[in-house]
Amino acid sequence: MYQEQRLEAIMKLLETHDTLTTEQMIQQFQVSRDTVRRDFAKLSNEGKVRRVHGGIMSLPKSNEIVSFNARMNDFTAAKDHIAQLAEQFIQAQGTYFFDVSTTVLKLAQIMKTKATIYTYSLDNAIMLSADPNISLHLLGGQFFEKNRFFYSLNEAELLNHLQFDAAFIGAAGLKNGQISFEDQADAYLKQLALKNAKQKILLAENAKFAKESTYLIGNIADFDYLLTDKKPTDEICSQIEVKY
């Protein structure tokens, strides 16, 4: 059986089973443990399942994080507002890290200041490439189609040797104050950039507090600012400076 056939079969099984273990899939398909791990990794990277200890589980329908392209169709007034708040942190001649998120893409669309931008987002690069005020640096590597970003280990290591005036990070999920993302590579790039950022700025609509995903990069308190569309709870406000 080819991998694509197994992946189809796994997704069918998840329609009737909340979780599937590695051992179950070894028996089901008579393949090696490494083969099952590769199958699970591919489904997870494509945002179709959530990795758990010993296997995978289906994504909850109520808080499923949809693809970047789907989110692009939802350029809400909230995203516009958050992007305008973020633009106030951009200073002339500064060096900034833009992650892959639709709210940060909105920031890339509206910014007018002369600056140096590092990103791994295809859409950020397209948006900024024609602006003569922007010195654009695009990290390359394998292209992740669902969320439209590039990743390679060699390119990621460049972030260890850069310092940013600010890193702008758009959260996928903020449930329980934990900042989560669906792609492991995406989460890793954010962590590297944040290590060398003078200001750590989180961009997230209030609705993200009801969402969660697989890979954690930290807690809200690890950031300097939260830019959002509505005042969050007092507990959140006590952990981080909030602008809304």
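**Figure 1. Glutamine 30 in the loop between H2 and H3.** At 62% relative accessibility, glutamine 30 counts as exposed, the term for over 50% relative accessible area, with buried for under 20% and partly exposed in between (1.4 Å probe, protein chains only). Although not a glycine, glutamine 30 has a positive phi of about 55°. Most residues other than glycine have a negative phi. The model is predicted: local features need pLDDT of at least 70, side-chain atom pairs count only at pLDDT 80 or more, and totals for chains, interfaces and linings use all residues. Residues are numbered from 1 along each chain as its sequence is written, and side-chain values use heavy atoms, with hydrogens and water left out.

**Figure 2. Asparagine 176 in the loop between strand E9 (166-170) and strand E10 (178-181).** Asparagine 176 also is not a glycine, and its phi is positive at about 60°. With a relative accessible area of 67%, asparagine 176 is exposed.

**Figure 3. Helix H3 (33-45) and its buried residues.** Helices (H or I, at least four residues) and strands (E, at least two) are DSSP runs, numbered from the N terminus. H3 has 13 residues and reaches 18 Å from its first C-alpha to its last, close to the 18 Å expected at 1.5 Å a residue; the expected span is 1.5 Å times one less than the number of residues. Thr35, Val36, Asp39, Phe40, Leu43 and Ser44 are the buried residues of H3. Their packing partners include helix H1 (3-14), helix H2 (22-29) and strand E12 (215-219). Just after H3, glycine 47 takes a positive phi of about 75°.

**Figure 4. Tyrosine 215 in strand E12.** Tyrosine 215 is buried, with a relative accessible area of 16%. Among the residues that tyrosine 215 touches, not counting those up to four places away in sequence, are Ser44, Arg51, Phe181 and Asp183; contact means heavy atoms within 4.5 Å.

**Figure 5. Lining of the largest pocket.** A pocket is an open set of points on a 1 Å grid over the protein atoms alone, where a 1.4 Å probe fits, with protein on both sides within 12 Å along at least five of seven lines; lining residues have an atom within 4 Å of a point. The volume of the largest pocket is about 330 Å³, a volume being the space filled by probe spheres set on the points. Of its 14 lining residues, Asn45, Glu46, Gln142, Phe144 and Asp183 are the closest to the centre. E7 gives the largest share of the lining, three residues.
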